[in-house]
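Colleague: Could you walk me through this model, feature by feature? I would like the general idea, then the case at hand.

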Amino acid sequence: MTWPMLFGVLSLMTFQLVDSAFIGQLGRDPLAALGFTLPMQQLIIGLQVGLGIATTAIISRTLGEGDSLRAERLGGLVVVVGASLVFLLCIGLWLLQGTIMTLLGAEQNLLPLIRTYWIPWLLSAWTGALLYFGYSVCRSHGDTKLPGYLMMATSLLNIALDPLYIFVFDWGLPGAAMATVTSFGIGCAIVYPKLLKSMWLRFDLGQLALLRALKQLGSIMAPAMVSQLMPPASAMLATAIVAGFGSAAVAAWGLGTRLEFFSIVVVLALTMSMPPMIGRMLGAGEIERIRSLIRIAVRFVVVWHLVIGMLWAASSGLASALFTSDQAVTDVLGSYLTRVPLSYSGLGVCILMVSVCNALGLAIRALIVSTLRLFACFLPFLWLGAQIGGIDGLMTGALIGNLLAGAMAYAFYRKGVRHLAASA
């Protein structure tokens with residue numbers, strides 16, 4: 001179940017990196033404008049992933065009970081609720097864009113460029129969320145191949161359309177968002193007919209006992225969603241700290257964030273494949289098998305990301321020059337790559353532990369881990385590093401914060417699983 005998700009998520013991260021490379025050729029200002037949208041993008045992704053966690057848990061459990069008709073209607077409910085929530089969030093972001101940019105510290109000369117990008121980008125975010133909810137329904141029925149293949153296909157299409165929309169049609173920065181709208185829209189046109197044909201979606205929601213279904217969905221979705229919304233809230237504050245060092249620093253930080261998404265792709269795939277396995281083991285009372293599985297995963301994540309971090313540090317000069325031609329951005333990105341990726345092992349363990357705690361039914365513990373990672377580890381050390389050592393100190397603070405977060409998250413998981421074992 002992991003391999004299709006691995007290649008699918010890897011392809012999504014690849015197209016985002018290529019997207020950044022194309023936008024980087026337009027100059028510093030478009031790249032900085034892109035950097036200011038990243039916290040908003042993480043906000044939308046946090047909402048949809050939180051709902052995706054609830055989707056997998058509820059539908060797979062319902063299928064296990066043998067009630068396939070209810071599972072189909074729950075799939076329809078998830079799509080309707082998810083599409084509506086993301087649409088309302090996009091409307092709110094559009095209405096508050098001026099306030100948000102001011103709070104994030106955007107320079108006045110960037111605001112007109114950000115405004116031209118905002119509507120196409122919000123449209124691409126909503127289309128991507130709709131596609132993601134379709135993927136979630138597929139995964140809850142045990143199908144990871146269709147989402148994996150479609151992630152790869154839409155990513156390749158996006159990469160092909162980027163130069164056409166950005167340079168040939170001369171749409172500039174908004175062209176990058178329209179390429180995403182086109183590719184994700186085609187993905188939706190493929191996945192939803194497949195879901196309907198497979199009888200995995202029904203929209204006769206009046207037959208569902210709607211209030212009970214919404215309550216069931218909310219009981220899992222709410223803590224998971226709040227947990228997923230912690231990173232974008234942190235990203236906004238981090239961007240505001242970075243903005244104090246100028247637009248070049250924001251542009252480099254935005255590039256570094258995309259490189260981070262790309263680097264932790266294996267962990268993201270594991271967070272999609274491991275929860276169903278853990279749920280089945282938990283249902284069978286096999287606590288020791290859960291512990292064994294998670295020990296293997298944690299060891300792998302630590303070693304893998306140490307290697308990734310050393311590779312980024314060794315190639316920092318080449319990678320910085322590849323993604324931007326602006327010397328100021330190149331210098332800051334080089335500082336990022338020699339420090340922050342060395343902490344990806346701690347970050348990966350923390351992300352995995354949040355997913356594991358949700359799968360174990362410890363949603364509140366997962367929320368606490370997410371909150372402490374960002375507001376007790378990452379942001380305080382980010383700010384402290386910036387005060388002591390400027391932009392280089394800020395990068396060092398990010399490194400220390402991520403490593404501490406990983407150790408804290410694993411300790412919380414071990415305490416939680418001990419309580420489960422005692423209860424069993």
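This is a predicted model: local features need pLDDT of at least 70, side-chain atom pairs count only at pLDDT 80 or more; totals for chains, interfaces and linings use all residues.

Colleague: How many disulfides does the structure hold?

Modeller: A disulfide is a pair of cysteine sulfur atoms within 2.5 Å. The structure holds zero. Cys 90 is in none, and its nearest cysteine sulfur, on Cys 188, is 13 Å away. Cys 377 is also in no disulfide; there the nearest cysteine sulfur belongs to Cys 350, 7.6 Å away.

Colleague: Is Cys 90 buried or exposed?

Modeller: Buried means under 20% relative accessible area, exposed over 50%, and partly exposed in between, using a 1.4 Å probe and protein chains only. Cys 90 has 7%, so it is buried. Cys 377 has 8%, so it is buried too.

Colleague: How are two packed helices described?

Modeller: By the angle between their axes and the distance between the axes. Axes are lines fitted to C-alpha atoms, for helices over the stretch in contact, and angles run from 0 to 180 degrees between N-to-C directions. Helices are DSSP runs (H or I, at least four residues), numbered from the N terminus. Take α12 (residues 316-323) and α13 (residues 327-339): their angle is about 140°, and their axes are 9 Å apart. That makes α12 oblique to α13. Angles under 35 degrees count as roughly parallel, over 145 as roughly antiparallel, 65 to 115 as roughly perpendicular, and the rest as oblique.

Colleague: What is the handedness of the crossing of α12 and α13?

Modeller: Right-handed. That term applies if the near helix is turned clockwise from the far one by less than a right angle; anticlockwise gives left-handed.

Colleague: Which residues of α12 and α13 meet?

Modeller: Contact means heavy atoms within 4.5 Å. From α12 come Ser 316, Ala 319, Ser 320, Ala 321 and Phe 323; from α13 come Thr 330, Leu 333, Gly 334, Leu 337 and Thr 338. By class, this contact has five nonpolar, five polar and no charged residues. Here Ala, Val, Leu, Ile, Met, Phe, Trp, Tyr, Cys and Pro count as nonpolar, Asp, Glu, Lys and Arg as charged, and the others, Gly among them, as polar.

Colleague: What does Ser 136 touch?

Modeller: Set aside residues up to four places away in sequence, and Ser 136 touches Gly 52, Thr 55 and Thr 56. Ser 136 lies in α5 (residues 111-140). Its relative accessibility is 0%, so it counts as buried.

Colleague: And where is Phe 184 placed?

Modeller: In α7 (residues 173-197). Phe 184 is buried, at 12%. Beyond neighbours within four places in sequence, its contacts include Leu 12, Phe 15, Ser 124 and Thr 154.

Colleague: Which helix holds Leu 34?

Modeller: Leu 34 is in α2 (residues 28-64). At 4%, Leu 34 counts as buried. Leaving aside neighbours within four places, Leu 34 contacts Ser 20, Ile 23, Tyr 117 and Arg 258.

Colleague: What is phi at Asp 170?

Modeller: About 60°, a positive value, although Asp 170 is not a glycine. Asp 170 sits in the loop between α6 (145-168) and α7. Asp 170 is exposed, at 63%. Met 199, another non-glycine, has a positive phi near 60°. Met 199 is in the loop between α7 and α8 (210-243). At 42%, Met 199 is partly exposed.

Technical notes. Residues are numbered from 1 along each chain as its sequence is written. Side-chain values use heavy atoms; hydrogens and water are left out. Helices (H or I, at least four residues) and strands (E, at least two) are DSSP runs, numbered from the N terminus.
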